[in-house]
Amino acid sequence: MSRSRPRLSLLTLDSTPESVAGARRHTVLVLHCWHARDGLSDAARLVVSELATNAVRARGGPSGFTLSLALRDDHLLVQVGDQDPRPPRPRETGPDATGGRGLHLVDELSSRWGYYRTPPNGKVVWAELPTGPEDTTPTTTPLIDARQPRVPISPPADRCH
């Protein structure tokens, strides 16, 4: 496996329901630009949708929420930051529930996920999605991992036009 520099995309969005759709579109466009496989793009779109929805509901603050995508050889790191310090909490849902399954979906689609706090009163919820074609090997990672993920050091020099 090569250790190439990650491809990096950073975006700040308003805390409105419309911004969730914008975050999904941005994710699909960026991963298309990076020539990511379709399966990764589909999974990332769903994960971004769930995390962005949670950020909007959490009260994104006057600055909205942030979306970061970092593609490495072995994984895509998705990070969504907001100004609510409360940790993400998966909810128990019944078969007829119309919501509350978002973090369970994130857990199923990612190899690991978690959150970390940001100063002064925020947090970032992150998920790592494997870049392999069908890497769905179950992990023993706890549902919520409070350790900080591997964060890229700097953005790459190449850009998609």
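Student: Which hand does the crossing of α1 and α2 have?
Tutor: The crossing of α1 and α2 is right-handed. Bear in mind that this is a predicted model.

Student: What angle do they pack at, and how far apart are the axes?
Tutor: About 155°, with the axes of α1 (residues 17–33) and α2 9 Å apart. Angles over 145 degrees count as roughly antiparallel, so α1 is roughly antiparallel to α2.

Student: Which residues meet there?
Tutor: From α1, P17, V20, A23, R24, T27, V28 and L31. From α2, they meet L40, S41, A44, R45, V48, S49, A52, T53 and V56.

Student: How does that contact of α1 with α2 split by class?
Tutor: There are 10 nonpolar, 4 polar and 2 charged residues.

Student: Now α2 and α3. What is the geometry of that pair?
Tutor: The axes of α2 (residues 38–58) and α3 (residues 102–109) come within 9 Å. They cross at roughly 150°. The crossing of α2 and α3 is left-handed.

Student: Switching to the core. How many residues are in the largest nonpolar one?
Tutor: The largest nonpolar core has 30 residues. Those with the most contacts inside it are L51, L67, L69, L76, V78 and L129.

Student: Which elements give two or more residues to this core?
Tutor: They are α1, α2, β2 (65–71), β3 (75–82), α3, β4 and β5. The largest share, 9 residues, comes from α2.

Student: What does L76 touch?
Tutor: Leaving out residues up to four places away in sequence, L76 touches L31, W34, L40, A44, L69, A70, L71, A127, E128, L129 and T131.

Student: And what is in the second, separate core?
Tutor: That core has 5 residues, including A70, L77, Y116 and V124.

Student: On to the backbone. Where is the cis peptide bond?
Tutor: It joins P119 and P120, with omega about -5°. P120 lies in the loop between β4 (112–118) and β5 (122–130).

Student: What is the phi of H35?
Tutor: H35 has a positive phi of about 60°, although it is not a glycine. H35 sits in the loop between α1 and α2.

Student: Is H35 buried or exposed?
Tutor: H35 is exposed, with a relative accessible area of 70%.

Terms used:
Residues numbered from 1 in each chain as written. Predicted model: local features only at pLDDT ≥ 70, side-chain atom pairs only at ≥ 80, totals over all residues. Heavy atoms only, no water. Axes fitted to C-alpha atoms, helices over the stretch in contact; angles between N-to-C directions. Helix = DSSP H or I, 4+ residues; strand = E, 2+ residues; numbered from the N terminus. Left-handed = near helix turned anticlockwise from the far one by under 90°. Parallel < 35°, antiparallel > 145°, perpendicular 65-115°, else oblique. Contact = heavy atoms within 4.5 Å. Nonpolar A, V, L, I, M, F, W, Y, C, P; charged D, E, K, R; others polar. Buried < 20%, exposed > 50% of the residue type's maximum accessible area, 1.4 Å probe, protein only. Core = buried A, V, L, I, M, F, W, Y, C linked by side-chain atoms within 4.5 Å.
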